[in-house]
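Trainee: Could you take me through one part of this model in detail? I'd like to look at the nonpolar core and then whatever connects to it.

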Amino acid sequence: MIVADRKPIEEIIEEVKDHEKILILGCNECVTVCEAGGKKEVGVLASALRMYFLNQGREVKIDEKTLERQCDHEYLEEIRDVMDQYDSVVSLACGVGVQFMAEKYHDCPIYPGVDTCFLGATEKRGLWTERCQACGQCILARTGGICPVSRCAKRILNGPCGGSTNGKCEINKELDCAWQLIIDRLKALGKIDEYEKLSPLKDWSTERAGGPRKVVREDVQE
Amino acid sequence: MQYPPDIKIILVPCTGKIDVLHILHAFEKGADGVYAVGCMEGDCHYNSGNFRARKRVEQAQKILDIIGIGGERAQMYNLSSSEGPRFAQFAVEMEERIRKLGPNPIKLAKKKAA
């Protein structure tokens, strides 16, 4: 999922301080799971902002709503009828949701409420780690399910570099060497002879370095 | 034993039931102080409810500091359910702390607006 972290309240206050009618809009998917932008976080932020503005002597209208997602037209349309009540929206969705909101409701300033960080998984509650960098050409079949593009500091594709020491990466003692993990995993799977096969040059044009990307499926388009 | 009359007690089966939002909404509605009284650490009837309560009180304290209400207005206490005099002592201590801090600034702001 997309892992995000809450923005400091001071930063959000700075974003909205000149507005009078604010909608705090949460998202029920990834940001709920990483406890950054779900219904609970919307409630906490709204309460904190209400109290902040009251303390400043201003009665600011701050409403709360959480949509199922903010990256699909159907869900964003659900608030079409109420948007004229607000002069700004703080969206606690990931960067995708904030932008989609801004495209759809272009007359209303949409401010981000979270910092979107990476694609990752919940190792345990309160700890989310990066796993995927969306390179657009998945090679996990060859690496026993461990990604050298996201987990190797050098993103190399044919085994560890000279800096791999005791299974750790040279840039950080606590960081596992991805290729050590891959070799151990391939051994456990009985596939170590596949490790000897050279990986071809990766087509990096499907990666972000090639510019903003899209996926087109004409077979499902109307 | 006696404890100050201006304390409203809300019973919960375990302090683990208390949510950060309960604390924040109490202040939003004008409470001058909020404190949670839970079991001794290690003795929670439900294992870890009182640990969760402590973490949530600390979260609320951080938020209250940032928005200018003051984190000292929210506190967590631990005692055994049989320690009546200690309960009274916490109540007195909390009441003194809140009296020194003064009323919730939001209450005054709301009065001015009205």
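This is a predicted model: local features need pLDDT of at least 70, side-chain atom pairs count only at pLDDT 80 or more; totals for chains, interfaces and linings use all residues.

Mentor: The largest nonpolar core holds 58 residues, and the ones that touch the most other members are A:I24, A:V31, A:A48, A:V90, A:L92 and B:I23. Helix α3(A) gives this core its largest share, 10 residues. Zoom in on A:I24: leaving out residues up to four places away in sequence, A:I24 touches A:V42, A:L45, A:A46, A:I62, A:E64, A:V90 and A:L92.

Now for the contact between the chains, which takes 13 residues from chain A and 17 residues from chain B. On the chain A side, α1 (9-16) and α3 (39-55) each supply at least two residues. Helix α3(A) turns up again here with the largest share of that side, 9 residues. By type, the chain A side divides into 6 nonpolar, 4 polar and 3 charged residues.

Last stop, the sheet: three strands of chain A form an open, antiparallel sheet in the order β1-β6-β7. Both β1 (2-6) and β7 (127-132) of chain A stand at the edges with a single partner strand each, so one side of each has no neighbour in the sheet. On average, neighbouring strands here are turned by 75° against each other, direction ignored. The antiparallel pairing of β1(A) with β6 (residues 114-124) of chain A runs over 5 bridges; in β6(A), A:D115 is the bridge partner of A:D5.

Note on methods
Residues are numbered from 1 along each chain as its sequence is written. Chains are lettered from A and ligands numbered from 1 in the order in which they are written. Two strands pair if DSSP finds at least two bridges between them. Helices (H or I, at least four residues) and strands (E, at least two) are DSSP runs, numbered from the N terminus. Axes are lines fitted to C-alpha atoms, for helices over the stretch in contact, and angles run from 0 to 180 degrees between N-to-C directions. Two residues are in contact if their C-beta atoms, placed from the backbone, lie within 7 Å. Ala, Val, Leu, Ile, Met, Phe, Trp, Tyr, Cys and Pro count as nonpolar, Asp, Glu, Lys and Arg as charged, and the others, Gly among them, as polar. A nonpolar core is a set of buried Ala, Val, Leu, Ile, Met, Phe, Trp, Tyr and Cys residues joined through C-beta atoms within 7 Å. A residue is buried if 20 or more other C-beta atoms lie within 10 Å of its own, exposed if 12 or fewer, and partly exposed in between; C-beta atoms are placed from the backbone.
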